[in-house]
Amino acid sequence: MARLDLWWWSRRVQRMNFAFSEEQDQLREFVRSFLEDKSSETSVREQMDTEVGYDDAVWTQMAEQMGLQALAIPEEYGGQGFGFVEQIVVLEEMGRALLCAPYFSSCVLAANTLLHSGDEDAKNAHLPGIASGETRATLAFTEENGRWDEGGITMQASNDGGSWTLDGTKMYVLDGHTANLILVAARSDAGVSLFSVAADADGLTRTALSTMDQTRKQAKLAFSGVAAELIGTDGAGWDVLETVLDLAAVALAAEQVGGAQMCLDMSVEYAKVRVQFGRPIGSFQAIKHKCADMLLEVESAKSAAYYAGWCAAEMNDELGQVASLAKSYCSEAYFHAAAENIQIHGGIGFTWEHPAHLYFKRAKSSELLFGDPTYHRELLAQRIGI
């Protein structure tokens, strides 16, 4: 762990007494059982090779039978009204199973953008569809410059007599080629603003991107005079996006924890059954040390992600700080666990047929998504004034 992370975490670990409730533990068991059936390695491999990247029947079942899309959406907008803690429980299990579905883009990015926009008309128009699973939404934020800050948003929004149009390009849009509702961050004369765009709008071109992590689809969206509707207040979009990106960082940290735990579990199980020189490789000191280091990092990542999830649920003043801390630490913990998992498995771990590489690719992709650890440590330093 970086020194800044250690210093910051040491100030808070004594205050933390986080434990999941019995109902939250039951939710975890419920979701894990569902994903073990619907997101097996075979299913993941099948879906990641398709253009859409997910199974529509499973998506519908998640909505209608499980209620997962509606979980953290308030009841007045058709949701179940649970909080962010319940959502990180679900996301952790999804990360463990490498679920191929537009859940993160729709229920984390788009839903939170609408919820924090302050636009009641937009909430009433779009959130019920997201909650029911009928609307697959996403947030188009990043551009070709690859920046995650306010200055990286250069797409132009023009207003002609109350009608808005968008011109520019968005990159790395999660599920952008399959979403039927796109929320877009663009720059008007008043500043960064938020807009909604229908997927079939004239002038919009959507292109699926070839990515290292095939389990999470991304797209390039090109806008040429695309009609859009303003969400919230013109020029007030960055205040909303800053909160949404913090919540997304926390959500992704929870997902990373699930993946890291799975890598640890795979490593320990293999170390028990793989025999060399007449003994399990788990009895060798080098393998013991690798597994012990992984365990320490995974448990520390859980503490960081869970505390950040609690802050997100409370929307307290620490959210921005702990979001960056959790994202930076969980990114490194997951990537290290995924890399060590391959090393412990030896030659078989490098093959296409073994699932270790799927977690390695997801770990690397997630490490860069919403800013890498270096970016978030710098952001944390700025936020705490050092």
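**Strand pairing, salt bridges and cysteines in a predicted model**

Cysteine 100 is buried, at 8% relative accessibility (buried means under 20% relative accessible area, exposed over 50%, partly exposed in between; 1.4 Å probe, protein chains only). The sulfur of cysteine 100 lies 15 Å from the closest cysteine sulfur, that of cysteine 263, which is too far for a bond. Cysteine 330 is buried as well, with a relative accessible area of 2%. For cysteine 330 the closest cysteine sulfur belongs to cysteine 311, 13 Å away, again too far for a bond. Across the whole structure the search returns zero disulfides (a disulfide is a pair of cysteine sulfur atoms within 2.5 Å).

The model is predicted; local features need pLDDT of at least 70, side-chain atom pairs count only at pLDDT 80 or more, and totals for chains, interfaces and linings use all residues. Residues are numbered from 1 along each chain as its sequence is written, and side-chain values use heavy atoms, with hydrogens and water left out.

The protein chain has an average pLDDT of 92, and 95% of the residues score at least 70 (pLDDT is the predictor's confidence in each residue, from 0 to 100). Among the elements of the protein chain, the highest mean pLDDT, 98, belongs to strand β1 (residues 137–140). Helix α1 (residues 3–10) has the lowest, 48. The pLDDT is below 50 over residues 6–11. Beyond near neighbours in sequence, this stretch has 13 contacts in the model (contact means heavy atoms within 4.5 Å). Helices (H or I, at least four residues) and strands (E, at least two) are DSSP runs, numbered from the N terminus.

Strand β7 (residues 218–231) pairs with strand β3 (residues 163–174) in the antiparallel sense, through nine bridges (two strands pair if DSSP finds at least two bridges between them). In this pairing, leucine 174 stands opposite glutamine 218. Strand β6 (residues 204–208) also runs antiparallel to β7, and five bridges join them. Here alanine 208 has alanine 219 as its bridge partner. Strand β5 (residues 191–198) and β7 are antiparallel too, with three bridges between them. Phenylalanine 195 stands opposite leucine 230 of β7.

Glutamine 218 lies in strand β7. The residue is buried, with a relative accessible area of 11%. Not counting residues up to four places away in sequence, glutamine 218 touches residues including Tyr172, Val173, Leu174, Thr207, Ala208 and Ser365.

Side chains of opposite charge can pair when their charged atoms come close. The model contains 18 salt bridges (a side-chain nitrogen of Lys or Arg within 4 Å of a carboxyl oxygen of Asp or Glu). One of them joins arginine 28 to glutamate 93, with the closest N and O atoms 2.9 Å apart. This pair links distant parts of the chain, 65 residues apart: arginine 28 is in helix α2 (residues 22–38) and glutamate 93 in helix α5 (residues 84–97). Arginine 28 is buried, with a relative accessible area of 12%. Glutamate 93 is also buried, at 2%. A network of salt bridges links Arg28, Arg32, Glu92 and Glu93.

A second salt bridge brings together the side chains of glutamate 41 and arginine 45, at 2.9 Å from N to O. The two residues are four apart in helix α3 (residues 41–48), so about one helical turn separates them. An α-helix has 3.6 residues a turn, so residues three or four places apart point the same way. Glutamate 41 is partly exposed, at 35% relative accessibility. Arginine 45 counts as buried, at 16%.

Aspartate 246 forms a salt bridge with arginine 383, and their closest N and O atoms are 3.1 Å apart. Aspartate 246 lies in helix α8 (residues 237–273) and arginine 383 in helix α12 (residues 373–384), so the pair ties together parts 137 residues apart in sequence. Aspartate 246 is buried, with a relative accessible area of 9%. Arginine 383 is partly exposed, at 24%.

Helix α10 (residues 319–345) has 27 residues, which at 1.5 Å a residue should span 39 Å (the expected span is 1.5 Å times one less than the number of residues). The end C-alpha atoms of α10 are 38 Å apart, in agreement with that value. Of the 27 residues of α10, 22 are buried, so the helix is largely enclosed by the rest of the structure. Just after α10, glycine 346 adopts a positive phi of about 70°.
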